[in-house]
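Subject: Structure handover

Hello,

Here is the structure for your files. My notes on it follow below.

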Amino acid sequence: MRLTLLCVLAGHAAAQDITVPLTPDRWTSYILFQREPRPRDKTVRFETHLGRTSLVVPSGLAYASGVNFRNGTIDADIATDSTSAFYGIAFHVAGQHERYEIVFFRPPGADPTLQYTPSFYDMNAWQFYPAPEYGRSPDFPQDRWVHLRIVVKGLVASIYVDTATTPTLEVHDLALGSVGGTIGIWGRNGGAYISNLTYRPDTTTYPLTREHTFAPGTITAGWSLSQSFLASQQKPDVYPDVRSLQWQPVDAEREGIVMIGRYRKDPSVEPERPLRDRPATLPPAIEVVFARNTIVSDRDTVRKMWIGYSDDVVVYLNGRPLYAGRNAMIYRDPAALGYFYPYADAVFLPLKKGKNELLLAVSEATAGWGFMARFDQPSAPGAP
């Protein structure tokens with residue numbers, strides 16, 4: 001009986017909320033965005049806002065010391081004003097902010113206003129996590145405290161905003177759900193005020209089986225990535241000397257996406273705007289990585305390959321350029337955010353019998369670096 005009571009008390013103690021003090025000695029801040037289009041004060045501040053002690057991160061990431069969070073509940077109150085733009089809560093922060101996951105908000109009128117994204121090497125890969133699966137558009141009132149709750153159970157995160165009693169957004173297949181880390185505050189172009197930050201650890205073991213599987217026809221195995229180059233020095237539309245490059249085998253993930261940003265640091269620069277009178281050039285700070293694979297064909301044939309990517313791509317087959325595409329933010333349309341779509345573009349590959357070298361030059365500005373290549377599936381007998 002005494003042993004049972006002690007176990008119950010221990011479990012009860014483990015389920016208590018733990019307050020994260022909003023004091024300078026518990027937080028480390030880091031500037032992420034050196035080239036913001038709207039320069040603002042980027043200094044992390046601890047101040048009183050709407051009558052409460054709060055932390056505001058105008059631009060960058062601040063993460064707490066002494067926190068180890070994997071599964072459980074994070075609670076915080078958030079307040080915005082006319083200067084707020086992008087802000088959110090980061091979790092599973094590890095490796096001195098080299099990777100983390102974020103639930104963040106956009107300004108009113110944006111779509112979506114709430115979104116999940118992982119970050120690798122400070123790359124917020126939101127272009128690969130579109131609504132409605134990874135984003136929603138709840139109202140976020142200004143000039144008052146709004147409650148945010150994030151419940152993490154293995155690979156699933158349930159997000160509750162304000163007075164919601166059912167999840168405002170439920171994210172499956174968290175990119176970093178199998179690891180732990182600290183909690184952080186993320187902001188850009190204004191940020192927001194954070195108060196009453198607590199967390200409650202959950203020691204339950206949750207399944208880590210991912211819901212997403214590889215899409216039929218997707219080229220998932222055999223990819224290798226080169227080192228990254230400035231696109232101004234190693235031009236994407238010039239076939240490289242592949243023997244001089246350093247090749248790293250990589251794995252495809254969700255649906256068959258190869259997330260280059262897991263392996264190479266995103267340059268995080270503003271993309272070039274479209275031009276009506278001449279082709280847009282790549283800004284000097286944009287970088288390119290080459291991805292290589294071998295396609296084996298049992299005969300000479302032509303096959304249609306869908307290619308989704310962010311931001312730019314050049315497709316080579318056996319050393320010959322066949323296609324160049326651009327999917328950067330606002331490039332195709334003033335309202336376009338450059339989201340990754342697996343069926344964004346297509347190219348017809350003239351395969352020869354035997355081995356064929358498929359080479360992609362994938363260039364990146366910001367917000368997600370990766371690609372997915374998928375062969376078109378033949379129609380079923382009798383189908384149109």
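Two strands are taken to pair if DSSP finds at least two bridges between them. Helices (H or I, at least four residues) and strands (E, at least two) are DSSP runs, numbered from the N terminus. By that pairing rule, strand β22 (residues 301-310) is joined to β27 by 6 bridges, and the two run antiparallel.

On provenance, this is a predicted model: local features need pLDDT of at least 70, side-chain atom pairs count only at pLDDT 80 or more, and totals for chains, interfaces and linings use all residues. Residues are numbered from 1 along each chain as its sequence is written, and side-chain values use heavy atoms, with hydrogens and water left out.

Confidence. pLDDT is the predictor's confidence in each residue, from 0 to 100. Its mean over the protein is 86, and 90% of the residues reach 70 or more.

Overall form. The protein has 1 helix and 27 strands. Its radius of gyration (taken over C-alpha atoms) is 23 Å, close to the 21 Å that the globule rule (2.2 Å times the number of residues to the power 0.38) gives for 384 residues, so the protein is as compact as a globular protein of that length. Buried residues make up 52% of the 384, where buried means under 20% relative accessible area, exposed over 50% and partly exposed in between (1.4 Å probe, protein chains only). Of the contacts with a separation of 6 or more, 75% are between residues 24 or more positions apart.

The sheet around β27. An open sheet of 4 strands has the order β20-β27-β22-β25, with antiparallel pairing. Its edge strands, β20 (258-259) and β25 (345-351), each pair on one side only. β20 is joined to β27 (residues 370-375) by 2 bridges, and valine 258 has phenylalanine 371 as its bridge partner there.

How enclosed is β27 by the rest of the structure? It is largely enclosed, because 6 of its 6 residues are buried. Gly370, Met372 and Arg374 point one way from the strand, while Phe371, Ala373 and Phe375 point the other way.

Cores. A nonpolar core is a set of buried Ala, Val, Leu, Ile, Met, Phe, Trp, Tyr and Cys residues joined through side-chain atoms within 4.5 Å. The largest has 76 residues, and those with the most contacts inside it are Ile159, Trp223, Leu360 and Phe371. A second, separate core of 12 residues includes Ala90, Val93, Ile102 and Met329.

Histidine 92. This residue is in strand β7 (residues 86-94). Histidine 92 counts as buried because its relative accessibility is 0%. Its side chain reaches the backbone oxygen of arginine 70 at 2.8 Å. Not counting residues up to four places away in sequence, histidine 92 touches several others, including Phe69, Tyr100, Val152 and Leu176.

Regards

Key
A polar contact is a pair of N or O atoms within 3.5 Å; within protein, one must be able to donate a hydrogen and the other to accept it, and residues adjacent in sequence count only if both atoms are side-chain atoms. Contact means heavy atoms within 4.5 Å.
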